[in-house]
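This report describes the fold, the packing and selected local features of a single protein chain. The sequence and the structure are shown first.

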Amino acid sequence: MRGGTPPSWLGDDESHYPSKLPLSIWYHDLYTMGIDPSARFPRDRYQLLKERIKDAQLPSPIEFREPRPASVDDLLRAHGSDYVDRFLGGRLDDREINRIGLKPWSDSFGRRTLLIMGGSISALEHVCQNGGISGNMAGGTHHSHADFGSGYCVFNDIAVCAKIALEREFIDRVAVLDLDVHQGDGTAAILRGNPGAITISVHCEANFPFRKVASDFDLPLPTGVGDSEYLDKVQEGLDIVSGFSPDVLLFQAGVDALASDALGKLEVTRSGMRIRNQMVLSHVVDNGLPCVIFMGGGYSDPIEHTVDAFLDLFTDAAVANERMHRMIGSEGQHREHEVV
Ligand SMILES: [Zn+2]
């Protein structure tokens, strides 16, 4: 959506209410430029999306914020020290590098990795302190395990954020709702057995990773299903979230279930994807549930379809965030933050 008409899905009858609480999303130019231009990964999606958001007349505002690199201590909450040390020291072997992909690695790939991790951590801290919704315009790196990377994922920002929430932000219960078309194997493995966290994955069964690691709740779909069956599974996932009553929701919002996606194997339409997002956002608003959005996968050909779907996502998240802050009356509690 590029026009300025406010969505009606949240029953917004106060569309002219002065907005003071933009949706904060973290972004750095290295999210795009830190990937070598010859890599097969469609790196331009980040830059294209930022331009689309800046150009759009949004019904609720979005504020871009620049991340700081994650610290080693943050990474160690979910990863082994040997793996962290060897990645940061440029000492992964060819097999490990091939498993991650995104090749060839540019000189700034390591810094890009730490900035994406830092963006997710800052988004988490923001909602823990202020409530509402925030997002990272990258991340959702759910295929990364404690001791190895895989499938375009070096470190697992979702698992690191879950651990930080539980161990540093005094959060008791974290739910991970992973709606990327690929199963969240790394997140499931890292958070397995953690009583403060549940992992839920809605994905295409016949897709990567082919050796899955069981989530607390896996909701697989067969190849080729469309909106109706997909959205039924999303509702199942939200019902599980409700039963757990989390204090924070970590939403992996990959749009690679789109019919246009080159890696997806599902047939979800753009409008179906938007309904999916609105189902999650309505749940968040109705329950006053702080939520971090991790961008996740999207590999449409042409990539414009992926960018459209992510524009829908952040547009609707901004509306939901504004609505949520109004409903919880947080204007007076909202902390001043730095402007970037
Ligand atoms: Zn994916």
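Leaving aside neighbours within four places in sequence, Val-225 is in contact with Tyr-230, Leu-266 and Glu-267, two residues being in contact if their C-beta atoms, placed from the backbone, lie within 7 Å. Val-225 belongs to the loop between strand 6 and helix 9 (227-244); helices (H or I, at least four residues) and strands (E, at least two) are DSSP runs, numbered from the N terminus. With 17 other C-beta atoms within 10 Å, Val-225 is partly exposed. A residue is buried if 20 or more other C-beta atoms lie within 10 Å of its own, exposed if 12 or fewer, and partly exposed in between, with C-beta atoms placed from the backbone. A distance of 24 Å separates the C-alpha atoms of Val-225 and Thr-141, which are 84 residues apart along the chain.

The model is predicted: local features need pLDDT of at least 70, side-chain atom pairs count only at pLDDT 80 or more, and totals for chains, interfaces and linings use all residues. Residues are numbered from 1 along each chain as its sequence is written.

**Overall architecture**

The secondary structure of the protein chain consists of eleven helices and eight strands. The radius of gyration is 18 Å, close to the 20 Å that the globule rule gives for 340 residues, so the chain is as compact as a globular protein of that length. This radius is taken over C-alpha atoms, and the globule rule is 2.2 Å times the number of residues to the power 0.38. Taken along the principal axes, the C-alpha atoms fill a box of roughly 55 × 45 × 40 Å. Of the 340 residues, 51% count as buried. Among contacts with a separation of 6 or more, 77% are between residues 24 or more positions apart.

Eight strands form an open sheet in the order 2-1-3-8-7-4-5-6, with parallel pairing. Strand 2 (62-65) and strand 6 stand at the edges, each with a single partner strand, so one side of each is left without a neighbour in the sheet. Neighbouring strands are turned by 15° against each other on average, direction ignored; the axes are lines fitted to C-alpha atoms, and angles run from 0 to 180 degrees between N-to-C directions. Two strands pair if DSSP finds at least two bridges between them.

| Strand pair | Bridges |
|---|---|
| Strand 1 (residues 23-26) and strand 3 (residues 133-136) | three |
| Strand 3 and strand 8 | four |
| Strand 7 (residues 248-252) and strand 8 | four |
| Strand 5 (residues 197-204) and strand 6 | five |

Trp-26 is bridged to Asn-136 in strand 3, while Gly-135 has Ile-293 in strand 8 as its bridge partner. Leu-249 is bridged to Cys-291 in strand 8, and Ile-200 to Phe-217 in strand 6.

Strand 8 (residues 291-294) directs Cys-291 and Ile-293 one way and Val-292 and Phe-294 the other way, and all are buried. Strand 7, helix 10 (residues 270-287) and strand 8 make a right-handed β-α-β unit; right-handed means that, with the strands pointing away from the viewer, the path from the first strand over the helix to the second runs clockwise.

**The core**

The largest nonpolar core has 97 residues, and those with the most contacts inside it are Ala-162, Val-176 and Leu-250. Such a core is a set of buried Ala, Val, Leu, Ile, Met, Phe, Trp, Tyr and Cys residues joined through C-beta atoms within 7 Å. Not counting residues up to four places away in sequence, Leu-250 touches Ile-158, Cys-161, Ala-162, Val-174, Val-176, Val-292 and Phe-294. Helix 7 (residues 157-167) is mostly covered, with ten of its eleven residues buried; among them are Ile-158, Cys-161 and Ala-162.

**Backbone features**

Cis peptide bonds join Lys-103 to Pro-104, with omega about -5°, and Asp-301 to Pro-302, with omega about 0°. Pro-104 is in the loop between helix 5 (94-100) and helix 6 (109-130), and Pro-302 in the loop between strand 8 and helix 11 (304-328).

Tyr-152, in the loop between strand 3 and helix 7, has a positive phi near 70° and is partly exposed, with 18 other C-beta atoms within 10 Å. Lys-265 also has a phi near 70° and lies in the loop between strand 7 and helix 10. Lys-265 counts as buried, with 22 C-beta neighbours inside 10 Å.
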